[in-house]
Amino acid sequence: MEKNKINLSASDASNLVKDAQTLLAKKLTGNSRRQFLRMGLTLGGVAMLSGCDIDDNPDVESVLNRMSRFNDRIQGWLFSGYRMAPEYTLADITRPFPFNAFYGEEDIPSIHEENYQLQITGKVRDNRSWRLPELYKLAQHEQITRHICVEGWSAVGRWGGVRFSDFLHLIGADTRAKYVSFRCADEYYTSIDMASALHPQTLLALSWDGRILPPEYGYPMKLRIPTKLGYKNPKHIVSIEITDRFTGGYWEDQGYNWFGGS
Ligand SMILES: Nc1nc2c(c(=O)[nH]1)N[C@H]1C(S)=C(S)[C@@H](COP(=O)(O)O)O[C@H]1N2
Ligand SMILES: [Mo]
């Protein structure tokens, strides 16, 4: 039997978002409800529904139940009480680690160390560009954390690199600025708030599983921010801007929640 294809118009979608919020809010109380609403995952989840195939009974409540279960699970992973993302052990690493991008593996950008420079712009004291060997020489930190994709999967991975707050201080970033904005070699882009940029677990990741970050996971560098969803973790970063101007993001501009985490 053919599946029902639901295509939502903009106004259907906005009504669905409202229904979704009401229904999901009813299932939660007190703190968990506030946390849930703050995460704003409802919007991202509902945006996912547009153009999705929904089996047999295209019933909003059954879809929401699935979303709600996913949200319940990820709340525990994102909030440990101290707003630190949980860390894992080597044995917990997901193998093979999934690849994801808005294109297939055949289109992964090919970047070469000798031609690569990281550009710095905006509200910084020192806006000179960085070569990879200079970044490899800075103090490196490792984390084993869970990457959560809004599409409904998650995976534990091991990343190493420069603590992003160290890097921001090193370049003399104005930490009173509102945003840090990222541009990538593949036309992807995203931006985060300054508090999240300064979070101790936010890493300018240069390695994965003890070796130089492989092309599929974002060579030569990605932002690893375990307190936020996968789409807030830009790979193949080519420029970083410190700014008060809101620059959105590739998925965020298509309806995913901009904050995208805790
Ligand atoms: N440059 C770039 N970064 C990106 C994306 C992308 O398409 N291009 N996709 C995002 C999404 S939605 C996810 S889930 C993760 C996937 O990272 P992985 O390939 O290491 O699993 O990268 C994020 N960062
Ligand atoms: Mo994702």
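A residue counts as near a molecule if one of its heavy atoms lies within 4 Å of it. I start there because that cut-off decides which residues surround the ligand in this model, and the model is a predicted one.

Ligand 1, then. It has 22 residues around it, and the closest are Pro 98, Asn 100, Asp 186, Asn 233 and Lys 235. Sorted by class, that shell holds 13 nonpolar, five polar and four charged residues.

Now the polar contacts. Asp 186 places a polar side-chain atom 2.8 Å from a nitrogen atom of ligand 1. Asn 233 uses a polar backbone atom, 2.9 Å from a nitrogen atom of the ligand. At Phe 102, a polar backbone atom is 3.0 Å from an oxygen atom of ligand 1. How much of the ligand's accessible area does the protein cover? On its own, ligand 1 has 540 Å² of accessible area, and the protein covers 99% of that.

Phe 102 takes us to the aromatic rings. Across the whole structure there are 18 aromatic pairs. Phe 102 is partly exposed, at a relative accessible area of 32%, while Tyr 103 is buried at 15%. Trp 251 and Tyr 256 make a stacked pair, because their planes are at 25 degrees and their ring centres are 5.7 Å apart. Of these two, Trp 251 is partly exposed at 24% relative accessibility, and Tyr 256 is buried at 13%.

Next, the strands. Strand β7, residues 189-193, has five of its five residues buried. Tyr 189, Ser 191 and Asp 193 are buried on one side, and Thr 190 and Ile 192 on the other. Its antiparallel partner is β6, residues 179-184, joined to β7 by five bridges. Phe 182 stands opposite Thr 190. Four residues lie between the strands of this hairpin, where Glu 187 has a positive phi near 80 degrees.

Is strand β4 largely enclosed or open? Seven of the nine residues in β4, residues 141-149, are buried, so the rest of the structure largely encloses this strand. Nine bridges connect β4 with β5, residues 153-163, and the two run antiparallel. His 147 sits opposite Ala 155 in β5. This hairpin has three residues between its strands, and Gly 152 takes a positive phi near 110 degrees.

Definitions and conventions
Residues are numbered from 1 along each chain as its sequence is written. Chains are lettered from A and ligands numbered from 1 in the order in which they are written. This is a predicted model: local features need pLDDT of at least 70, side-chain atom pairs count only at pLDDT 80 or more; totals for chains, interfaces and linings use all residues. Side-chain values use heavy atoms; hydrogens and water are left out. Buried means under 20% relative accessible area, exposed over 50%, partly exposed in between (1.4 Å probe, protein chains only). Two strands pair if DSSP finds at least two bridges between them. A polar contact is a pair of N or O atoms within 3.5 Å; within protein, one must be able to donate a hydrogen and the other to accept it, and residues adjacent in sequence count only if both atoms are side-chain atoms. Accessible areas come from the Shrake-Rupley method with a 1.4 Å probe; for residues, only the protein chains shown count as cover. Ala, Val, Leu, Ile, Met, Phe, Trp, Tyr, Cys and Pro count as nonpolar, Asp, Glu, Lys and Arg as charged, and the others, Gly among them, as polar. Rings of Phe, Tyr and Trp (its six-membered ring) pair if their centres lie within 6.5 Å; planes under 30 degrees apart count as stacked, over 60 as edge-to-face and the rest as tilted.
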